[in-house]
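Trainee: I am new to this structure. Please show me how to read its features.

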Amino acid sequence: MISCFGWQPSRVRPDEAEELLQAISRGDDIKVRSLAAKVGAERLVHGKHAQMEEAQTVVSGSEDGTVKVWSLTWIRDKSCLHCKLNTVCQTLQQPLSVPSVVLREDGKTVFSTSEDKTLRVWDLEGMKEKACLKGHTGIVSSLGINEDGTIAVSGGYDMTLRVWDLEEMKEKTCLQGHSSKVTSVGTSRDGRTAVSGSKDKTVRVWDLERMEEKACLRGHTDVVRSVAISPDGRTAVSGGEDETVRVWDLVEMKEKACLTGCGDWVNCVRMSQDGRTAISGSDDGTVRVWDLERMEEKACLHGHTKLVTSVGLSMDGKTAVSGSTDNTVRVWDLDALKEKACLIGHTDTVLSVHTNFSKKLFTGSMLHVAALGGSWSVCQALLEVGGRELGELSDSRGRTAASIARERHYHMLAERIDDWMLREDAKKMSSG
């Protein structure tokens, strides 16, 4: 066994490595120190400035005509007993209110809609407008994009959906079918399917390859205010003024469940990436979490002082965001089922919120355990049980575990991490 760190290797069982990796991933520094000592990596877990940072980007659109980009960083000290939130907010100005915002998965682009009948594309690195797309003849109420941000679908008060080519920045087609204003749209990650909700009380399913309507789903007894679709395009959820959340099977094109107990109009819904959880926001000021396997309410989150207008979910499903007529954006921890932050900056109703990732940044001893885990066998075991998780860890300067290993001349470890990342990407592509 080769030791490239100057410590003698220790034998690490896969279950021990997996437990250690999970503790690192959730930022449990106390558990990390305990487990690291157990597997022989204790020499690197007593860093002088050990801390864990969790970074998240949230975008919000408001009645005040602004799109705000919130860069949030939670910093926990070595004891994990104290947590500090650092917030940086940047503002993009539009002529009129902003009904819908979407953050692209790479975090570099924001898409927004407007009461001026346009769809705008913003470059977050330069904090400037890239394009203004025109086509709708009424307010653009909602927007959805596919996984790689090349296709967008918008819905408007002109009763149409419009499909946009975001590479050429032009309209591809106009879809008609609703008999009243389109209130909400959602798009599958592969960009093949869209769903829409309307004041005509229907949920419609659209084939974006053939550019035609696939089905009209009826069940709501009042206006459908919001829709969302699962990443695989097989399930949708909707919320409406009939105070229900409905779950739809998009394979058999029928209603699976009607979830009640929302307390008031349901203004917004979102689904997790695994399709097991949905969240909703209502006029009663609550955010509700729904278990879509048991088809029951999991939790009711209180914090907003007025009605909830919009909700969003992070890619890992652990964090929710919400906007309200109380002019605030709130961030929720869905594991602990409690509020993490209240963001104040908008001067009018927050109409839309979106977030798509939460990134853990490890510094000090935490990073050393992850990237330079004491002995080669510790690193080897960590890689075997979770190459991608280890490979995606980075420090507060954005350096990956592989780049840090390479900087310290641990080229063998860097190559192993890179190799695992490539193999994981290949598996993902082949399974997709």
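Mentor: Start with a pair of strands. Strand β14 is joined to strand β15 (residues 212-218) by 6 bridges, and the two run antiparallel. Two strands pair if DSSP finds at least two bridges between them. Helices (H or I, at least four residues) and strands (E, at least two) are DSSP runs, numbered from the N terminus.

Trainee: What kind of model is this?

Mentor: This is a predicted model: local features need pLDDT of at least 70, side-chain atom pairs count only at pLDDT 80 or more, and totals for chains, interfaces and linings use all residues. Residues are numbered from 1 along each chain as its sequence is written, and side-chain values use heavy atoms, with hydrogens and water left out.

Trainee: How many helices and strands are there in the protein chain?

Mentor: The protein chain has 6 helices and 29 strands.

Trainee: Back to the pair. Which residue in β15 is the bridge partner of Thr 202?

Mentor: Thr 202 has Arg 218 as its bridge partner in β15. The hairpin of β14 and β15 has 4 residues between the strands. There, Met 211 takes a positive phi near 55 degrees.

Trainee: Which residues is Met 211 in contact with, leaving aside its neighbours within four places in sequence?

Mentor: Contact means heavy atoms within 4.5 Å. With those neighbours left aside, Met 211 is in contact with Val 163, Lys 172, Thr 173 and Leu 175. Cys 174 is 37 residues from Met 211 in sequence, yet their C-alpha atoms are 8.5 Å apart in space.

Trainee: How many residues of strand β14 are buried?

Mentor: In β14 (residues 202-207), 6 of the 6 residues are buried, so the strand is largely enclosed by the rest of the structure. Look at the two sides. Thr 202, Arg 204 and Trp 206 point one way, while Val 203, Val 205 and Asp 207 point the other way.

Trainee: How many bridges join β13 to β14?

Mentor: Strand β13 (residues 193-198) and β14 are joined by 5 bridges and run antiparallel. Thr 193 stands opposite Asp 207. This hairpin has 3 residues between its strands, and Lys 201 takes a positive phi near 75 degrees.

Trainee: Where is Thr 187 found?

Mentor: Thr 187 belongs to strand β12 (residues 182-187). With a relative accessible area of 12%, Thr 187 is buried. Beyond four places in sequence, its contacts include Ile 145, Val 153, Thr 193 and Leu 208.

Trainee: Now the core, please. What is the general idea?

Mentor: In soluble globular proteins, nonpolar side chains tend to be buried together. A nonpolar core is a set of buried Ala, Val, Leu, Ile, Met, Phe, Trp, Tyr and Cys residues joined through side-chain atoms within 4.5 Å.

Trainee: Which residues touch the most other members of the largest nonpolar core?

Mentor: The largest nonpolar core has 13 residues, and those touching the most other members are Val 237, Val 245, Val 247, Leu 259, Val 269, Trp 290 and Leu 292. β18 (245-249), β19 (254-259) and β20 (266-271) each supply at least two residues of this core. β20 gives the most, with 3 residues. A second, separate core of 12 residues includes Ile 279, Val 289, Ala 320 and Leu 334.

Trainee: Is Val 245 buried or exposed?

Mentor: Val 245 is buried, with a relative accessible area of 1%. Val 245 lies in strand β18. Cys 258 is 13 residues away along the chain, and the two C-alpha atoms are separated by 6.0 Å. The residues that Val 245 touches include Ala 257, Leu 259, Val 266 and Trp 290.

Trainee: How many bridges join β18 to β19?

Mentor: β18 and β19 share 5 bridges and run antiparallel. Trp 248 has Glu 255 as its bridge partner in β19. The hairpin has 4 residues between its strands, and Met 253 in the turn has a positive phi of about 55 degrees.

Note on methods. Buried < 20%, exposed > 50% of the residue type's maximum accessible area, 1.4 Å probe, protein only.
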